[in-house]
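Hi,

Here is the structure I promised to pass on.

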Amino acid sequence: MVKRSSEEMAYAFYDVAFEGAQVRAVSGAVSAGLLDGLRGQRPRSVVVLVSDGIAESAARLAIELRTPLEYPVVVARRLPRYVGPLDVVVILTEREDDPQLASDLQTCLGRGCTTVFAGLNEGPLAEDAAEQALVVPHLPTAEGPSPLRAVAAVVAVLDSLQGDPLLVAQTLSDWADEVDRELESASPERDEVVNPAHELANISGRLVHIGRGPVGDAIARLVADLWASKGQVSAALNADDWALAARNYRQMSADIFHDPLIDGGEELLPLKLIVWDPGMDPEAEPSLDAIVQSVPGTDFSHGAALPFRLVARAWAATAFL
């Protein structure tokens with residue numbers, strides 16, 4: 001793999017560096033009363049419409065962060081037929097235009113659904129949403145996907161159904177601060193040996209992401225999608241699935257006398273397990289022969305923000321791939 005120049009790393013990191021600000025923008029919208037009308041509603045369901053795999057994985061992470069819930073939450077690429085005025089619909093997209101989403105958006109508005117639009121500021125979709133939907137702001141200077149904005153938008157909607165808007169906004173603001181803290185440590189200007197994102201990007205081989213607990217599993221799936229979008233192929237499995245699948249992953253020979261030129265059969269890249277530990281499963285077993293991604297207990301102020309920090313680290317790592 002050809003290593004990027006410092007200029008290329010800085011350019012790739014530019015949009016990632018906005019992740020804290022994107023979460024803070026969602027917090028600001030909640031604080032300004034955007035979602036006040038949701039408070040006290042008991043929806044038949046919350047439907048999260050997504051346009052791509054990253055948005056889908058981000059939505060599922062948000063759901064895990066708030067599970068168990070008192071109502072069904074559905075993540076879908078197409079609007080379910082039953083949706084009506086008793087339902088809340090959240091639309092997550094990074095596309096200016098999408099005929100299917102545009103049709104589904106018009107259906108939501110026409111049926112009287114409470115509709116929250118977390119997309120771009122410009123384009124046909126944004127114009128249609130501006131008429132009746134609740135629009136979550138998008139930073140105008142940022143480009144490319146913002147996975148944490150998507151997670152924050154869904155969490156904001158779920159929390160606003162029952163929580164105090166000021167408390168919801170404060171929680172998101174605290175999480176934004178933690179994301180900024182993580183990205184500061186991941187800056188291309190920071191030395192590689194003390195840069196957790198750079199260290200993560202240097203892991204090579206056949207990569208498998210595994211989570212600790214349901215939230216960790218959701219992080220692992222989102223990371224695999226983020227990395228794939230930047231050309232780094234990896235798999236994501238939960239711990240139980242890995243226990244069953246591990247025997248199917250061939251390992252490199254442990255024989256110190258093995259000579260691949262003579263004995264052959266050693267064209268495999270090394271197998272590397274990356275375990276995502278958000279610190280939310282105290283009974284989790286220590287991972288052997290794995291690279292564990294976590295945040296030291298002395299390095300954060302808001303423990304609930306640890307999943308956000310891990311996603312920020314993984315997203316920042318793509319600047320160094």
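Two strands count as paired if DSSP finds at least two bridges between them. Keep in mind that this is a predicted model.

Now strand 4, residues 114–118. On one side, 5 bridges join strand 4 to strand 3 (residues 87–92), and the two run parallel. Val90 stands opposite Val116 there. Strand 4 also pairs with strand 5, again in the parallel sense, over 2 bridges. In that pairing, Phe117 has Val135 of strand 5 as its bridge partner.

Side chains in a regular strand alternate between the two faces of the sheet. In strand 4, Thr114, Val116 and Ala118 point one way, while Thr115 and Phe117 point the other. All of them are buried. With 5 of its 5 residues buried, strand 4 is therefore largely enclosed by the rest of the structure.

Next, the helix pair. The axes of helix 3 (residues 53–65) and helix 9 (residues 213–229) come within 9 Å and cross at roughly 165 degrees. Angles over 145 degrees count as roughly antiparallel, so that is how helix 3 and helix 9 run. Their crossing is left-handed. The contact includes Ile54, Leu61 and Glu64 from helix 3, and Val215, Leu222 and Asp225 from helix 9. By class, this contact has 10 nonpolar, 3 polar and 4 charged residues.

Best wishes

How values were computed
Residues numbered from 1 in each chain as written. Predicted model: local features only at pLDDT ≥ 70, side-chain atom pairs only at ≥ 80, totals over all residues. Heavy atoms only, no water. Axes fitted to C-alpha atoms, helices over the stretch in contact; angles between N-to-C directions. Helix = DSSP H or I, 4+ residues; strand = E, 2+ residues; numbered from the N terminus. Parallel < 35°, antiparallel > 145°, perpendicular 65-115°, else oblique. Left-handed = near helix turned anticlockwise from the far one by under 90°. Contact = heavy atoms within 4.5 Å. Nonpolar A, V, L, I, M, F, W, Y, C, P; charged D, E, K, R; others polar. Buried < 20%, exposed > 50% of the residue type's maximum accessible area, 1.4 Å probe, protein only.
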